[in-house]
Amino acid sequence: MNETFRIIETFGYAPDQGMIRGALHLARMARTASELDVAFDRTQAERLLSEFRAEGPRRMRLTLDRAGQMALEDAPLAAAKPLFRVAVHDARLDPHDPWLRRKTTHRALYDRARAELPEGLDEYLFFNTRGELCEGTITNVFVDLAGVTVTPALPAGLLPGVLRAALLAEGRVEEAVLTENDLRQVAKIWVGNSLRGLIEAKLVD
């Protein structure tokens with residue numbers, strides 16, 4: 001880990017709801033901190049979230065450094081696009097890489113991919129070295145497979161996203177191993193995260 005390492009949680013705030021899925025984000029941060037032996041003060045985190053107020057929707061970013069220091073930042077939240085144009089990235093992920101399952105600043109490949117997105121493209125999707133669909137740079141992936149909404153299983157190598165977890169818990173989504181052939185033949189594709197929700201996607205070459 002370098003000196004700028006942080007555990008990250010990104011989520012939305014709405015004046016009438018407060019922190020969207022805030023408890024789930026704190027639970028994931030706590031798990032990540034425990035796995036990395038980083039001190040996490042849940043009481044402090046809950047206080048930071050509960051005391052925040054704004055008049056409109058905000059993009060929230062809670063970070064935790066290796067010394068256990070927490071910071072909460074907010075920024076304007078622009079309206080999401082109704083459709084994301086997505087493409088498959090050339091890089092292949094190692095399904096055994098433990099960092100893929102943790103939301104941290106240790107994500108150089110994804111940051112480079114986002115910086116290199118050409119005009120007109122909103123997201124790159126990644127496959128692993130076994131040819132299994134994993135995730136996007138900032139989103140989990142969901143597809144309509146024979147009338148069932150499915151998302152890649154965690155062993156493929158991907159972040160256990162908070163929106164993904166909520167949809168699985170609600171029974172609205174199932175896990176499956178998905179190939180590139182599956183991706184190109186499914187009836188519908190969505191990408192999503194806790195900040196933006198589900199966004200319909202179109203796969204482009």
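Predicted model: local features only at pLDDT ≥ 70, side-chain atom pairs only at ≥ 80, totals over all residues.
Residues are numbered from 1 along each chain as its sequence is written, and side-chain values use heavy atoms, with hydrogens and water left out.

**View 1. The surface and secondary structure of the chain.** The chain holds 5 helices and 12 strands (DSSP runs, H or I of at least four residues for helices and E of at least two for strands, numbered from the N terminus). Its C-alpha trace spans about 45 × 35 × 35 Å along the principal axes.

**View 2. Leu-203 in strand S12.** Strand S12 covers residues 197-203 and includes Leu-203. Leaving aside residues up to four places away in sequence, Leu-203 touches Val-86, Ala-87, Val-88, Leu-183, Arg-184 and Ile-189 (contact means heavy atoms within 4.5 Å). The C-alpha atoms of Leu-203 and Ala-71 are 37 Å apart.

**View 3. Arg-21 in the loop between S2 and H1.** Arg-21 sits between strand S2 (18-19) and helix H1 (22-35). Its phi is positive, near 55°, and the residue is not a glycine. Arg-21 is partly exposed, at a relative accessible area of 28% (buried is under 20%, exposed over 50%, partly exposed in between, with a 1.4 Å probe and protein chains only).

**View 4. Asp-37 in the loop between H1 and H2.** Helix H2 spans 42-51, and Asp-37 is in the loop between H1 and H2. Asp-37, not a glycine, has a positive phi of about 60°. With a relative accessible area of 73%, Asp-37 is exposed.
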